[in-house]
Amino acid sequence: QVQLVESGGGLVQAGGSLRLSCAASGRTFGNYAMGWFRQAPGKDREFVAAISSSGRITDYTDSVKGRFTISRDNAKNTVYLQMNSLKPEDTAVYYCASAPGMQAMRNPGYWGQGTQVTVSS
């Protein structure tokens, strides 16, 4: 069984920053790609960012490129999402996900419970 627990969400003004964390347990964290997704009210869940098991490869959706940075610390079994220059349209529940590889991140097998990010204008 895999457990993913997100933290770090909250309310921030437009232009501000937040850092999300996702702590993983239950298996060898360093063998798996990790990702972040988000779901805004009334919308489908969408991909935000992913990072390979080694941390050498990252991928971002176009709307967050240059503003968000995904990173991981395999010694701490934790993945992070640094979010800068936040916009109201970034408001969503953010979910951490785990998959065997970057290609498999299209349909991750494991999800966290989500953390709310609200950006006020």
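The model is predicted: local features need pLDDT of at least 70, side-chain atom pairs count only at pLDDT 80 or more, and totals for chains, interfaces and linings use all residues. Residues are numbered from 1 along each chain as its sequence is written, and side-chain values use heavy atoms, with hydrogens and water left out.

**Exercise 1. Describe the open sheet of four strands and the pairing within it.**

Solution. Strands are DSSP runs (E, at least two residues) numbered from the N terminus, and two strands pair if DSSP finds at least two bridges between them.

Step 1. The order of the sheet is S1-S3-S8-S7, and its pairing is antiparallel. Strand S1 (3-7) and strand S7 (68-73) are the edge strands, each pairing on one side only.

Step 2. Strand S8 (residues 78-83) is joined to strand S3 (residues 18-25) by six bridges. Six bridges also join S8 to S7.

Step 3. Val79 in S8 is the bridge partner of Cys22 and also that of Arg72.

Step 4. S7 and S8 form a hairpin with four residues between them, and Asn77 in the turn has a positive phi of about 55 degrees.

Step 5. Buried means under 20% relative accessible area (1.4 Å probe, protein chains only).

**Exercise 2. Characterise the disulfide of Cys22 and Cys96.**

Solution. A disulfide is taken as a pair of cysteine sulfur atoms within 2.5 Å.

Step 1. The count by this rule is one disulfide. The sulfur atoms of Cys22 and Cys96 lie 2.1 Å apart.

Step 2. Because the torsion about the S-S bond is about -80 degrees, the disulfide of Cys22 and Cys96 is left-handed.

Step 3. The pair links distant parts of the chain, with Cys22 in strand S3 and Cys96 in strand S9 (residues 92-99), 74 residues apart. Both Cys22 and Cys96 are buried.

**Exercise 3. Determine whether Arg38 is buried or exposed, and which side chains Arg38 meets in polar contacts.**

Solution. A polar contact is a pair of N or O atoms within 3.5 Å; within protein, one must be able to donate a hydrogen and the other to accept it, and residues adjacent in sequence count only if both atoms are side-chain atoms.

Step 1. Arg38 belongs to strand S4 (residues 33-39). With a relative accessible area of 6%, Arg38 is buried.

Step 2. The side chain of Arg38 makes a polar contact of 3.4 Å with that of Ser63, and one of 2.9 Å with that of Tyr94.

Conventions
Buried < 20%, exposed > 50% of the residue type's maximum accessible area, 1.4 Å probe, protein only.
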